[in-house]
Amino acid sequence: MSKRVLITGAAGFLGSHLCDRFIAEGFQVVGMDNLITGDLKNIEHLFPLKQFEFYNHDVSNFVHVSGSLDYILHFASPASPIDYLKIPIQTLKVGSLGTHNLLGLAKEKKARFLIASTSEVYGDPTVHPQTEDYWGNVNPVGPRSVYDEAKRFQEAITMAYHTFHGIETRIARIFNTYGPRMRLNDGRVLPAFMGQALRGEDLTIFGDGTQTRSFCYVDDLIEGIFKLLISNCVDPVNIGNPHEITMNEFAEEIIKLTGTSQKIVYRPLPQDDPKQRQPNITKAKTLLDWEPKVSREEGLKITYNYFKNFTKEELEITKNSKEFLSIL
């Protein structure tokens, strides 16, 4: 019998790539998504497969899946400022109620449970690079808190179910990830820059451009998640690429890649926007034998080729979201 896995947020960026990976590994995959930010186009290629089934459901409500489950991967959540500033209550609910419901399901099915946490649990860090034993610098009532604190609660309740109920749990702290199937209008810096370049617009940086991020290509990220799931590591593990770059440098890379000649324009930095973001991945290297393999140059080319196929109408959808562009 093939092992069976439930993936929430299955129609999203990371969730859809996880579905592909588990199908390729021979699993029976149950995808679940309420499509509030996900898109069925990301998984429509899987619908003809008998190894795949899909449920349109909000995990903030009671979750039932008939039959056995070996693994549950909880990736359902708004994951960009545009999303969680528009739907703050849903963001908090999917991280709290949704995680509680799915942990209950894991307890019932005796399934191993992995949550998609985030580097945002570190807030605007005072430790650099960020290690898993750093407790973070988070504003609990700021505009980003609905996401940051939902993820921090998510980690806490997951660990509580592990210690109190003996559930097998894994916690992945995911850093900035990019690749095909990102939404152009989700507010994150890479699709924002790509969309602006393809439309011939100036590239918008919020702040002075000295803030840093560390970008991991999606295939590397998925490999890290898979290795963490099958490992024996209960404590949180950073999954990301440690190669750090400033936003000014990143904008120049995008201009060079796209062959465009736009200038860079600057806007005020949003409240609580992290100034630095770089994972220490020593634990992942040591315990999972994992580290990123795809260079940023190679990954950006693949991602750019994906976005180049968008229609003019699809490229225009980001114009309504300029006030949030490039803040991640």
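Tutor: The part to look at is an open sheet of seven strands, paired in parallel in the order 3-2-1-4-5-6-11. Two strands count as paired if DSSP finds at least two bridges between them. Strands (E, at least two residues) and helices (H or I, at least four) are DSSP runs, numbered from the N terminus. Strand 3 (52-56) and strand 11 (237-239) stand at the edges with a single partner strand each, so one side of each has no neighbour in the sheet. On average, neighbouring strands here are turned by 20° against each other, direction ignored.

This is a predicted model, in which local features need pLDDT of at least 70 and side-chain atom pairs count only at pLDDT 80 or more, while totals for chains, interfaces and linings use all residues. Residues are numbered from 1 along each chain as its sequence is written, and side-chain values use heavy atoms, with hydrogens and water left out.

Start with strand 1 (residues 4-8). Five bridges join strand 1 to strand 2 (residues 28-33), and the two run parallel. Within this pairing, valine 5 has valine 29 of strand 2 as its bridge partner. Helix 1 (residues 13-24) packs on the sheet, where it touches strand 1, strand 2, strand 3, strand 4 (71-74) and strand 6 (169-174). Contact here means heavy atoms within 4.5 Å. The direction of helix 1 makes about 170° with that of strand 1. Such angles run from 0 to 180 degrees between N-to-C directions, and axes are lines fitted to C-alpha atoms, for helices over the stretch in contact.

Strand 1 is also joined to strand 4, by four bridges and again in parallel. There, isoleucine 7 stands opposite leucine 73. Strand 4 is covered on both faces: Tyr71 and Leu73 on one side, and Ile72 and His74 on the other, are all buried. Buried means under 20% relative accessible area, exposed over 50%, and partly exposed in between, with a 1.4 Å probe and protein chains only. Four bridges link strand 4 to strand 5 (112-118), also parallel, and isoleucine 72 is opposite phenylalanine 113 of strand 5. Helix 4 (residues 145-165) lies across strand 4, strand 5 and strand 6, at about 155° to strand 5.

Asparagine 232 counts as exposed because its relative accessibility is 71%. Its C-alpha atom is 36 Å from that of phenylalanine 250, 18 residues apart along the chain.

The axes of helix 5 (residues 189-199) and helix 7 (residues 247-258) come within 10 Å and cross at roughly 40°. The two are therefore oblique to each other; angles under 35 degrees count as roughly parallel, over 145 as roughly antiparallel, 65 to 115 as roughly perpendicular, and the rest as oblique. Their contact involves Val189, Leu190, Phe193, Met194 and Ala197 of helix 5, and Met247, Phe250, Ala251, Ile254, Leu257 and Thr258 of helix 7. By class, this contact has ten nonpolar residues, one polar and no charged ones. Ala, Val, Leu, Ile, Met, Phe, Trp, Tyr, Cys and Pro count as nonpolar, Asp, Glu, Lys and Arg as charged, and the others, Gly among them, as polar.
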